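Student: I have a structure to go through. Can we take it step by step?

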Amino acid sequence: QSSTRHDTAQSEDTQQQIIRETFHLVSKRDENVCNFLEGGLLIGGSDNKLIYRHYATLYFVFCVDSSESELGILDLIQVFVETLDKCFENVCELDLIFHVDKVHNILAEMVMGGMVLETNMNEIVTQIDAQNKLEKSEAGLAGAPARAVSAVKNMNLPEIPRNINIGDISIKVPNLPSFK
Amino acid sequence: MLVPSLKVQDLIEEIRGAKTQAQEREVIQKECAHIRASFRDGDPLHRHRQLAKLLYVHMLGYPAHFGQMECLKLIASPRFTDKRVGYLGAMLLLDERQDAHLLITNSIKNDLSQGTQAVQGLALCTLSTMGSAEMCRDLATEVEKLLLQPSPYVRKKAVLTAVHMIRKVPELSTVFLPPCAQLLHERHHGILLGTITLIMELCERSPAALKHFRKVVPQLVQILRTLLTTGYSTEHSISGVSDPFLQVQILRLLRILGRNHEESSETMNDLLAQVATNTDTSRNAGNAVLFETVLTILDIRSAAGLRVLAVNILGRFLLNSDKNIRYVALTSLLRLVQSDHSAVQRHRPTVVECLQEPDTSLSRRALELSLALVNSSNVRAMTQELQGFLQSCPTDLRADCASGILLAAERYAPTKRWHIDTILRVLTTAGAHVRDDAVANLTQLIGGAQELHAYSVRRLYCALAEDISQQPLVQVAAWCIGEYGDLLLEGSCEEIEPLQVEEEEVLALLERVLQSHMSLPATRGYALTALMKLSTRLRGDNNRIRQVVSIYGSCLDVELQQRAVEYDTLFRKYDHMRAAILEKMPLVERGGPQVDEEAKESKEARLLEAAPVPTEPQASKLLDLLDLLDGPSEDAQHPRPLDPSPGGALVHLLDLPCAPPPAAPIPNLKVFEREGLQLSLSFVRPPETPALLLITVTATNTSGGDVTHFICQAAVPKSFQLQLQAPSGDTVPAQGGLPMTQLLRILNPNKAPLRLKLRLTYTHFGQSVQEIFEVNNLPVETWQ
């Protein structure tokens with residue numbers, strides 16, 4: 001399972017191949033080696049390298065070109081993971097699998113167009129929280145008509161008598177349409 | 001009635017529940033059918049959920065193009081939830097190559113001008129990820145307005161979007177340059193980070209911008225100083241270093257501004273010294289800053305003392321126990337090896353030690369750096385180390401290591417004998433990984449070293465006797481034994497132990513090579529020819545050789561069969577000429593290594609019809625032999641001119657009668673100009689050879705940035721013959737530096753109208769450029 005973002009246009013096939021190759025290269029790495037990987041035919045030629053960090057069962061892999069600071073990217077990955085941890089409250093692998101869209105949203109607050117946007121964790125988390133609140137409130141409003149319908153369906157309406165006899169006045173109650 | 005659709009999480013769970021690939025496919029196909037139906041029915045409430053599912057499935061590699069239009073609808077919806085998924089979908093599905101991508105331009109425009117902050121953020125994010133050139137042009141003004149918005153959140157995104165826009169549409173630099181001065185006064189780190197990235201992009205694209213921004217060096221120095229001492233905010237600190245990301249970016253910008261500029265370099269000198277000495281290196285963040293500082297110091301016109309400090313820091317890092325630090329140190333030293341060669345040389349022993357690293361990323365870097373450090377004084381020691389490395393290194397590094405050693409040997413060989421020994425050792429250790437021209441080079445080398453013929457043939461014979469599997473080695477050995485077989489039998493040679501070899505043994509060895517299933521067809525060709533040559537070198541009777549030759553006359557391999565038949569004929573019908581034909585070969589001239597490169601590059605160009613410059617002396621030697629068999633009256637001593645193209649164009653040149661009077665000089669033609677790089681052609685028609693046109697391509701560079709990796713290729717119509725000679729270099733230095741020249745020889749025997757197409761590839765201002773164009777307005781004197 002992997003979550004990926006490609007910032008350059010590539011065919012779906014190529015994207016999948018890149019993912020497979022990345023997985024292959026990274027999973028071969030020992031524990032005591034450095035976090036930088038080169039080579040790999042599809043990863044943009046010799047100018048690009050893979051920088052990865054290993055957390056429990058997960059690898060976070062960033063593909064960067066030679067203009068990025070390698071050590072800086074290591075810190076960036078750390079900030080990303082810490083941010084995920086804060087947003088998901090003790091993030092685990094399943095969180096990332098089942099909430100891929102949230103992962104995308106968080107990443108979008110840190111990296112944009114292939115460039116670093118924001119590294120202050122508090123700012124990122126504040127923004128994400130605000131957006132999530134917005135979504136929740138919209139879900140509340142949108143859910144209202146559906147909830148109303150189902151509430152009415154389930155209401156127990158008292159029987160309306162067809163004829164109300166009040167002494168000698170006879171009032172005929174019209175046939176009201178049923179609520180069903 | 002609405003069919004209740006799966007929530008995204010439920011779908012994910014189903015997919016994960018699938019036990020096989022086929023099952024997964026089934027689940028997904030079923031769900032996609034539902035999604036498609038839902039899109040058709042146009043259910044607005046659940047559209048975002050359907051698209052979210054589709055995007056998940058897309059991530060797994062399944063097609064999702066039918067969701068493209070839904071992205072548009074979602075983006076146009078007023079709800080944030082819809083927009084969020086819609087924009088994400090746009091980023092994942094609607095890249096530039098899809099026709100539909102332009103349709104979101106209008107929605108983005110509306111969102112940028114009227115949306116809430118969050119919505120503006122979404123729009124900017126999408127624009128900076130997949131915005132095409134047309135989109136960028138349309139939306140530039142909107143983004144520009146947002147640079148002045150009160151919200152820092154929006155502004156920081158707008159700044160980075162501006163960077164993307166400039167990359168797509170360089171003319172927009174004029175729009176985004178003015179706001180930079182203002183933006184640099186921001187206190188918000190995100191905006192500052194983006195602004196500095198923007199300024200770097202502007203400077204890299206235009207020397208005028210670079211000049212303009214030199215003014216802000218003092219301001220940048222101030223920002224960095226403040227970060228170091230008080231820090232803007234503790235919020236941005238990583239392991240105790242205040243906002244290392246911002247520090248690194250500032251340092252990179254300072255590097256660009258200070259390069260080749262005394263005044264700016266001086267302004268930043270003190271600050272750089274301060275950072276270099278005060279940064280806490282116990283954690284990664286500090287090291288990241290320190291490294292960037294070192295790179296900046298070494299790239300600008302810094303004081304000598306500071307440079308020494310910087311290289312020493314790198315040296316210290318090379319000894320650090322942290323592998324990442326060592327890796328970055330090796331990478332940085334590689335960058336310096338051209339400019340500060342002697343400083344880097346001091347660390348050679350440490351670098352060589354790094355070759356022993358089990359980590360391939362590190363050993364690869366160490367290999368590159370080691371090869372770059374070889375010079376004439378350390379070549380013996382370094383080659384020794386590298387040979388050791390070659391024996392044990394991982395397979396993906398072998399080819400590089402082998403060719404690196406061979407190249408270094410060629411450049412710095414102290415003696416011919418050492419050179420031959422070195423190549424021999426490489427072929428024995430890693431024969432399968434050497435480049436094709438190694439064989440030709442070695443035979444050339446041996447052929448030219450007459451005093452070493454005996455030595456070479458003995459060493460090669462011993463090597464071959466031990467192992468007949470390494471093809472390049474076998475080929476060279478077979479050739480050598482064939483040429484110098486008589487020296488092999490003569491018994492004494494001072495330089496190695498005396499070797500007693502019998503004729504029968506030699507023949508047996510060659511026969512083994514011929515018969516071995518490990519031998520490539522080319523190798524067997526060498527062996528057969530060698531056997532044939534031995535018929536005149538050895539003193540015994542030739543029955544054994546004749547037998548072998550006649551057997552191979554019915555070999556299935558056509559090439560081998562042809563040779564065998566011809567040799568057989570030589571025995572039977574032309575025996576009187578055999579000795580003359582099989583005499584020792586004269587030394588064949590070959591092109592230098594640059595010409596080899598040229599030939600390789602021309603061969604690789606699929607678009608062009610340029611004829612490769614001939615560099616295969618081996619092939620032509622065999623050609624000689626076969627040609628000579630056709631024309632028995634020709635003298636074996638004069639080698640044919642090297643030309644693999646069937647027409648034998650150069651022969652025509654020699655045949656042409658003498659000449660018409662010299663023609664008037666043809667005017668030069670300027671054919672290309674881009675950002676300061678100019679290409680012009682000058683023409684010469686030598687009077688003795690009317691069919692020949694010599695074109696000199698001259699490349700000059702008046703811009704502020706060097707042009708590197710420059711390759712020029714040419715193509716002409718089929719009736720012409722084209723030869724590209726090696727260029728004078730592949731770099732055209734900036735600001736009117738030494739121009740690069742390249743000679744084209746065009747033969748036009750039919751006097752057809754000349755058409756010429758040129759293809760240029762190069763790097764300029766950090767961008768790769770490729771240009772293909774036809775040369776217009778060629779003067780008629782070039783072909784008439």
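**Interface and helix packing**

Tutor: This is a predicted model. Start with charge pairs between the chains: across the interface of chain A and chain B, the rule finds five salt bridges.

Student: Which residue of chain A forms a salt bridge with Lys157(B)?

Tutor: Side chains of opposite charge can pair when their charged atoms come close. For Lys157(B), the closest N and O atoms of the pair are 3.3 Å apart. The cut-off is 4 Å. The partner is Glu109(A).

Student: How many residue pairs are in polar contact across the interface of chain A and chain B?

Tutor: Both residues of a pair must be at pLDDT 80 or more. With that condition, the number of pairs across the interface is 21.

Student: What is the area buried between chain A and chain B?

Tutor: The size of an interface is often given as the accessible area lost when the parts come together. Here carbon and sulfur atoms give 54% of that area. The total is about 5,400 Å².

Student: Which residues in chain A lose the most area to chain B?

Tutor: Together they account for 13% of what the chain A side buries. They are Leu71(A), Phe98(A) and Met112(A).

Student: Now inside chain B. At what angle do the axes of helix α2 and helix α3 of chain B cross?

Tutor: Two packed helices are described by the angle between their axes and the distance between the axes. In chain B, α2 (residues 21–41) and α3 (residues 47–59) have axes that come within 10 Å. The crossing is left-handed. The angle is roughly 145°.

Student: How do the residues of that contact divide into nonpolar, polar and charged?

Tutor: Ile28(B) and Phe39(B) are among those from α2(B), and Leu51(B) and Val57(B) among those from α3(B). The division is two polar, three charged and seven nonpolar.

Student: How many residues apart in sequence are the parts tied together by Glu31(B) and Lys53(B)?

Tutor: Their side chains meet in a salt bridge at 2.8 Å, N to O. Glu31(B) lies in helix α2 of chain B and Lys53(B) in helix α3 of chain B, so the pair ties together parts separated in sequence by 22 residues.

Technical notes:
Residues numbered from 1 in each chain as written. Chains lettered and ligands numbered in written order. Predicted model: local features only at pLDDT ≥ 70, side-chain atom pairs only at ≥ 80, totals over all residues. Heavy atoms only, no water. Axes fitted to C-alpha atoms, helices over the stretch in contact; angles between N-to-C directions. Helix = DSSP H or I, 4+ residues; strand = E, 2+ residues; numbered from the N terminus. Left-handed = near helix turned anticlockwise from the far one by under 90°. Contact = heavy atoms within 4.5 Å. Nonpolar A, V, L, I, M, F, W, Y, C, P; charged D, E, K, R; others polar. Buried area = accessible area lost by both parts, 1.4 Å probe. Polar contact = N/O pair within 3.5 Å; in protein donor to acceptor, adjacent residues only side chain to side chain.
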